[in-house]
Amino acid sequence: NESEDWLEELLIYLRGNAEYIDSFLKERLPEIGYKIPEATYLAWLDFRSLGLGNEELWDLMIHKAKVATDNGPMFGLGSEGYGFQRLNFACSRARLREALERIERAVKNSR
């Protein structure tokens with residue numbers, strides 16, 4: 001009952017993180033699709049333009065970028081989830097920036 005201010009600040013911060021992802025990807029990784037979510041702290045990233053198989057994409061994220069995302073197909077979408085990764089952005093902006101920069105390096109080194 002007494003946390004309305006905290007919640008409002010949190011929602012503003014999360015919206016800022018969502019917008020940060022959007023601007024980062026547009027500027028530095030435009031081949032990765034993303035739409036700012038309306039009501040969550042989870043980014044649904046579309047890597048299909050890279051032409052990687054699902055296992056290759058998972059390897060890129062976990063072993064090369066060293067970013068713990070959730071693999072698209074695990075959400076019951078079957079083959080429709082292939083090429084997607086879910087990224088939790090309920091974290092500090094510095095940690096988010098580091099994750100996105102790791103993803104950027106891994107994508108650019110995989111070309």
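Trainee: Where is E56 placed in this predicted model, and is E56 buried or exposed, or in between?
Mentor: The model is predicted. E56 sits in helix α2. Its relative accessibility is 47%. Buried needs under 20% and exposed needs over 50%. E56 therefore counts as partly exposed.

Trainee: How many Å separate the C-alpha atoms of E56 and R111?
Mentor: Along the chain, E56 and R111 are 55 residues apart.

Trainee: What is the separation in space of E4 and R28, C-alpha to C-alpha?
Mentor: E4 belongs to helix α1. In sequence, E4 and R28 are 24 residues apart. From C-alpha to C-alpha, the separation is 36 Å.

Trainee: Is E4 buried or exposed?
Mentor: The relative accessibility of E4 is 63%. The cut-off for exposed is over 50%. So E4 counts as exposed.

Trainee: Is D22 buried or exposed?
Mentor: D22 is also part of a helix, α1, which covers residues 4-28. Its relative accessibility is 14%. Buried means under 20%. D22 therefore counts as buried.

Trainee: Which residues does D22 touch, leaving out residues up to four places away in sequence?
Mentor: Sequence neighbours up to four places away are set aside here. A contact needs heavy atoms within 4.5 Å. On that basis D22 touches Y34 and I36.

Trainee: How are α1 and α3 oriented to each other?
Mentor: Two packed helices are described by the angle between their axes and the distance between the axes. For α1 and α3, the axes are 11 Å apart and the angle is about 25°. Angles under 35 degrees count as roughly parallel. So α1 and α3 are roughly parallel.

Trainee: Which residues of α3 make the contact with α1?
Mentor: The crossing of these two helices, α1 and α3, is right-handed. On the α1 side, the contact uses Y13, G16, N17, Y20, I21, F24 and R28. On the α3 side, the residues are R93, L96, R97, L100, E101, E104 and K108.

Trainee: How many residues of the contact of α1 with α3 are charged?
Mentor: Sort the contact residues by class. Six are nonpolar and two are polar. The charged residues number six.

Trainee: How are α2 and α3 oriented to each other?
Mentor: Helix α2 covers residues 54-65, and helix α3 covers residues 93-109. Their axes come within 9 Å and cross at roughly 115°. That makes α2 and α3 roughly perpendicular.

Trainee: What is the handedness of the crossing of α2 and α3, and which residues of α3 meet α2?
Mentor: The crossing of α2 and α3 is right-handed. From α2 come L60, M61, K64 and A65. They meet R102, I103, A106 and V107 in α3.

Trainee: How many residues of the contact of α2 with α3 are nonpolar?
Mentor: Two residues of this contact between α2 and α3 are charged. No polar residue takes part. The nonpolar residues number six.

Trainee: What is the phi of K66?
Mentor: Most residues other than glycine have a negative phi. K66 is not a glycine, yet its phi is positive. K66 lies in the loop between α2 and β2. Its phi is about 60°.

Trainee: Is K66 buried or exposed?
Mentor: The relative accessibility of K66 is 56%. Exposed means over 50%. K66 therefore counts as exposed.

Trainee: Is N71 buried or exposed?
Mentor: N71 is in strand β2. Its relative accessibility is 12%. The cut-off for buried is under 20%. So N71 counts as buried.

Trainee: Which residues are in contact with N71, leaving aside its neighbours within four places in sequence?
Mentor: R95 is 24 residues from N71 along the chain, and their C-alpha atoms are separated by 20 Å. Contact means heavy atoms within 4.5 Å. With neighbours within four places left aside, N71 is in contact with N54, W58, F84 and Q85.

Trainee: In what order do the elements of the protein chain run?
Mentor: The chain has three helices and three strands. Read from the N terminus on, the order is α-β-α-β-β-α.

Trainee: What is the radius of gyration of the protein chain?
Mentor: The globule rule gives 13 Å for 111 residues. The value for this chain is close to that, so the chain is as compact as a globular protein of that length. The radius of gyration is 15 Å.

Note on methods. Residues numbered from 1 in each chain as written. Predicted model: local features only at pLDDT ≥ 70, side-chain atom pairs only at ≥ 80, totals over all residues. Heavy atoms only, no water. Axes fitted to C-alpha atoms, helices over the stretch in contact; angles between N-to-C directions. Helix = DSSP H or I, 4+ residues; strand = E, 2+ residues; numbered from the N terminus. Parallel < 35°, antiparallel > 145°, perpendicular 65-115°, else oblique. Left-handed = near helix turned anticlockwise from the far one by under 90°. Nonpolar A, V, L, I, M, F, W, Y, C, P; charged D, E, K, R; others polar. Rg over C-alpha atoms; globule rule 2.2 N^0.38 Å. Buried < 20%, exposed > 50% of the residue type's maximum accessible area, 1.4 Å probe, protein only.
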